[in-house]
Amino acid sequence: MSVSVAALRDADGVVHGAVCVAHDLREHLALLETVATARDAALEGSRVKSEFLANMSHEIRTPLNVITGYADMVLDSTLAPAQRDDLTRMRASAVSLLEIINDVLDISKVEAGKVEMECTPFAVRAVVSEVTHALALRADEKGLRLSTEIDADIPDTMRGDATRLRQVILNLVSNAVKFTAVGAVTVRVVPAVSPTGHAAAQFSVIDTGIGIPADEHDLVFEPFTRSTAR
């Protein structure tokens, strides 16, 4: 119980008594206990999540490092051109996956909101080539033509976050191949101008697939949402 007491005065300031107000705090205390329980559960959930990610970090990185290591060893041996090409694609995909996992598993940066985009030199054509090579087999299996169109004015080297750019293009091309039954998928890169006025590049993925209905364009940016088109 919480009790507040104040003097009761008349117009001349003479005290004639007191005013007492009592509040039943049982509901408030119960609410505080509920909040404390929820807080403790959230802290425990965060601890378990961090521990899980730390374990998964080791469990996933270790085999990927072994894959890239063995791929390097085999690439140093005598191989047929086709075998070398396939193995190079496999190694590039493993390295790309390892880079993504390193970012995802760095939970401390994610929770602190300190994940930053890199701005380092990278080979534009090499990044696009890695994506198309990685998905070439899936496109061939469906009889699709997977190609690239890179404008001649695009420089060989630009600055940006190659890992995240690669993953975005990979996701878009993968979806394009998945939802295209007949025709082609093209990755197009043309010059552009950034909002700050600097030279930039615009990446587009064009396909002859089913597309997305106009009234569902905004939905594709919502989490766990997909178009009704099949």
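1. Terms first. A residue is called buried under 20% relative accessible area, exposed over 50% and partly exposed in between, with a 1.4 Å probe and protein chains only. By that scale arginine 91 is partly exposed, because its relative accessible area is 27%.

2. Basis of the note. The model is predicted: local features need pLDDT of at least 70, side-chain atom pairs count only at pLDDT 80 or more, and totals for chains, interfaces and linings use all residues. Residues are numbered from 1 along each chain as its sequence is written, and side-chain values use heavy atoms, with hydrogens and water left out.

3. Overall layout. The protein chain has 5 helices and 7 strands. These are DSSP runs numbered from the N terminus: helices are H or I with at least four residues, strands are E with at least two. Read from the N terminus, the order is β-β-α-α-α-β-α-β-β-α-β-β. Of the 230 residues in the protein chain, 20% count as buried.

4. Contacts and surface. Contact here means heavy atoms within 4.5 Å. Among contacts in the protein chain with a separation of 6 or more, 60% come from residues 24 or more positions apart. The accessible surface of the protein chain is about 15800 Å², and carbon and sulfur atoms hold 59% of it. Areas come from the Shrake-Rupley method with a 1.4 Å probe; for residues, only the protein chains shown count as cover.

5. The core. A nonpolar core is a set of buried Ala, Val, Leu, Ile, Met, Phe, Trp, Tyr and Cys residues joined through side-chain atoms within 4.5 Å. The largest one has 20 residues. Phe122, Val124, Leu146, Ile169, Val173 and Val185 have the most contacts inside it. Two or more residues come from each of α4 (124–141), α5 (162–178) and β6 (184–193).

6. Valine 185 in detail. Neighbours within four places in sequence are set aside here. Valine 185 is then in contact with Arg145, Leu146, Ser147, Val173, Ala176, Val177, Thr180, Val205, Ile206 and Asp207.

7. Arginine 166. Leaving aside neighbours within four places in sequence, its contacts are Ser96, Glu99, Val127, Glu130 and Val131.

8. Salt bridges. Side chains of opposite charge can pair when their charged atoms come close. The cut-off used is a side-chain nitrogen of Lys or Arg within 4 Å of a carboxyl oxygen of Asp or Glu. The whole structure holds 8 salt bridges. One of them joins aspartate 72 and arginine 91, with the closest N and O atoms 2.4 Å apart. That pair links distant parts of the chain: aspartate 72 is in helix α1 and arginine 91 in helix α2 (residues 81–104), 19 residues apart. Aspartate 72 is partly exposed, at 30% relative accessibility.

9. Two further pairs. Aspartate 161 and arginine 164 meet at 2.6 Å, N to O. Aspartate 161 is buried at 6%, whereas arginine 164 is partly exposed at 23%. Arginine 39 and aspartate 40 also form a salt bridge, at 3.2 Å, N to O. Aspartate 40 is partly exposed at 41%.

10. A surface patch. Val66, Tyr70, Met73 and Val74 make a nonpolar surface patch of about 390 Å². Patches take residues with over 30% relative accessible area and no salt bridge; like charges are joined within 9 Å, nonpolar side chains (Val, Leu, Ile, Met, Phe, Trp, Tyr) within 5 Å. Tyrosine 70 lies in helix α1 (residues 26–75). It counts as exposed because its relative accessible area is 53%.
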